[in-house]
Amino acid sequence: MEITYATSSSSDVAAMSNAPRQVKVIPFQHPSASPSSSSPSISFTAKWRANFSRMSFLEWMELLFPCVRWIRTYKWREYLQVDLMAGITVGVMLVPQAMSYAKLAGLHPIYGLYSGFVPIFIYAIFGSSRQLAIGPVALVSLLVSNVLSSIVDSSDDLYTELAILLALMVGILECIMGLLRLGWLIRFISHSVISGFTTASAIVIALSQAKYFLGYSIVRSSKIIPLAKSIFAGASQFSWPPFLMGTLILAILLTMKHLGKSSKRLRFLRAAGPLTAVVLGTAFVKIFHPPSISVVGEIPQGLPKFSVPKEFGHMKSLIPTAMLITGVAILESVGIAKALAAKNGYELDSNQELFGLGVANICGSFFSAYPTTGSFSRSAVNHESGAKTGLTGITMGIIMCCALLFMTPLFEEIPQCALAAIVVSAVMGLVDYDEAIFLWRVDKKDFVLWTITSITTLFLGIEIGVLVGVGSSLAFVIHESANPHIAVLGRLPGTTVYRNIEQYPEAYTYNGIVIVRIDSPIYFANISYIKDRLREFEINIDGSTKRGPEVERIYFVIIEMAPITYIDSSAVQALKDLYHEYTSRNIQIAIANPNREVLLTLSRSGVLELIGKEWYFVRVHDAVQVCLQHVQRMNGAAKAGNIAPKKQSGFLQRVLIDQSQSDLSSEKEPLLSQKV
């Protein structure tokens, strides 16, 4: 039904026209109090049951075992060769890296090989990413070392048992988060915090490997000052042979990595770097037998045996560390997996990914593995090598199995400085100074977050760095939520479109009318700020061209509610207070374009009737036209000496008197139909 209201549509009308023009106003549909809308939980439960009841056997298998998705659509001619080559490439890279990261964690290198064996097979079955390469990583290894070294000496058997127990606890936490679908919690940690944390951690990891280059032991710490003091304090024990060998191998690794990144034809060099470092270092030691260069030593041969993790009495003290490792593992793995899934054209379920990582860690803990997660460097190589499915993970596991069965005697003469060079080469890519420069140019707030996280991680330790970084990130989220953006809208010339007057200086406003748009949900934390801003807009609006009748103050406040997705009880009460406050000053609130949920809340709370159904509009333009008509009438009546706006006690009473005395009343139709 077309509803018309007699008013002037000219954008620059200064007074009431003698021949007003009919203006179209879209009727506003008020909500019906249907009982079905008040029980969303019942409909959600019914929908959940219906979805599960409709699932076929194949869909159930894909849900429980994500590997079924790529197995049943596997293209043997296209995928088999590239999957095998990618698996071999990353597997060759994983063997030396696994031993290096185990040393970083304070464990014997064999436990790095164990951690790169069973979890890979389990993840290939339960993981949803087809390119993610899991196993030991530098950051998790540093966390394990930092926490366990404060409990027990790394030479004690208890140290190893606690590392294995930690894998079980991390796996249980990841499974719980996956089953409860809590992956969304990670969204509250900004990318700048992650970047600052990994940058500082990379520096700490590199310094912790200095002892293998310098030839003397340094303190085990995750803080930069104790590490630096220890390095300078032992300078008198400096040894040239390990330093020269480590530096030379590091230079070779960095050169091969650079060539592998810069040329597609040479990309195999990036994956072959760690193996090259091990081969060169081992050959040198075999030939010259330098006494000042320490080697790995004896490595047990054979596959890990099944054993249940022990020392459950220490679980309470390990819970904070398990939660920290879980968070870091999720950030690293899920972020990488999502990026790779987007590049390869398939969807990835974060919660399924968490569950897959959890099962891999739980099963790995029964075969002497310490916590594992997705590796950025190995996953990148896996993707660049053309990996298509989880068969690459199975291939990596087979290579690790062969290394444990047949190659461990060859690993005994690997120089420790070569393993340290592999770690340093891997973490140098985590030093993200380009991100800091980008943040400085784009967003100073994110740069501050990056700086705070980096500095606290470097000087106060990884645990404090994570807590401060996450706390700062949440503080910024809360601040932005509690101080939402509120825009004053103006009309673009020649249109019925209303936009922010700061963004569009050509937009103009009307005298006596303020149009505001609140760009966030309204709830208890931000309602006070919103009320204060509305009072400011009522008093003064700078930077806009004003049109319409000349009046001395504001008579209408129009609130554009399209961006408001939610409103709580505190905000409802505040709206009531604001309405009474405005009414006492002869100001009328008008609401434009609220969504259904917000409108239902306003209706149930009585705000709908309090403001008046006639003051709810579909469009901002409709609200402006109706309000502008009233302003024109009052201005015309004031000039004729009929009323004095400043002395009237009730705005709505004045409008009613005005309407009853108007000669045009017979030509008007009501704004809303009786049915509405």
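Guide: In this predicted model, the residues of helix 21 that count as buried are Ile462, Gly465, Val466, Gly469, Ser472, Ser473 and Ala482.

Visitor: Which helices do the buried residues of helix 21 pack against?

Guide: Their partners are helix 7 (138-148), helix 9 (191-208), helix 14 (315-344), helix 20 (444-460) and helix 22 (527-539).

Visitor: What span should the 21 residues of helix 21 have?

Guide: Helix 21 covers residues 462-482, and at 1.5 Å a residue it should span 30 Å. The C-alpha atoms at its ends are 30 Å apart, so the two values agree.

Visitor: Let us turn to another pair. At what angle do helix 8 and helix 15 pack?

Guide: Helix 8 (residues 157-179) and helix 15 (residues 350-365) pack at about 155 degrees, and their axes are 7 Å apart. Angles over 145 degrees count as roughly antiparallel, and the two helices are therefore roughly antiparallel to each other. Their crossing is left-handed.

Visitor: Which residues make that contact?

Guide: Helix 8 contributes residues including Ile164, Leu168, Ile172, Cys175 and Leu179. From helix 15 come, among them, Leu354, Phe355, Val359 and Ile362. By class, the contact has 13 nonpolar, six polar and one charged residues.

Visitor: Now the loops. Where does serine 520 lie, and is it buried or exposed?

Guide: Serine 520 is in the loop between strand 8 (513-518) and helix 22. Its relative accessible area is 11%, so serine 520 is buried. Leaving aside residues up to four places away in sequence, serine 520 touches Pro484, Asn526, Pro563 and Ile564.

Visitor: Which value of phi does histidine 289 have?

Guide: Phi of histidine 289 is near 50 degrees, a positive value in a residue other than glycine. Most residues other than glycine have a negative phi. Histidine 289 lies in the loop between helix 13 (268-288) and helix 14, and with a relative accessible area of 57% it is exposed.

Visitor: And what is phi for serine 368?

Guide: Serine 368 has a positive phi of about 65 degrees, although it is not a glycine. Serine 368 is found in the loop between helix 15 and strand 4 (373-374). At 13% relative accessibility, serine 368 counts as buried.

Visitor: Finally, how many helices and strands does the chain have?

Guide: The chain has 27 helices and 12 strands. Of its 676 residues, 52% count as buried. Among contacts between residues at least 6 apart in sequence, 80% join residues at least 24 apart.

Note on methods: Residues are numbered from 1 along each chain as its sequence is written. This is a predicted model: local features need pLDDT of at least 70, side-chain atom pairs count only at pLDDT 80 or more; totals for chains, interfaces and linings use all residues. Side-chain values use heavy atoms; hydrogens and water are left out. Axes are lines fitted to C-alpha atoms, for helices over the stretch in contact, and angles run from 0 to 180 degrees between N-to-C directions. Helices (H or I, at least four residues) and strands (E, at least two) are DSSP runs, numbered from the N terminus. Angles under 35 degrees count as roughly parallel, over 145 as roughly antiparallel, 65 to 115 as roughly perpendicular and the rest as oblique. A crossing is left-handed if the near helix is turned anticlockwise from the far one by less than a right angle, and right-handed if clockwise. Contact means heavy atoms within 4.5 Å. Ala, Val, Leu, Ile, Met, Phe, Trp, Tyr, Cys and Pro count as nonpolar, Asp, Glu, Lys and Arg as charged, and the others, Gly among them, as polar. The expected span of a helix is 1.5 Å times one less than its number of residues. Buried means under 20% relative accessible area, exposed over 50%, partly exposed in between (1.4 Å probe, protein chains only).
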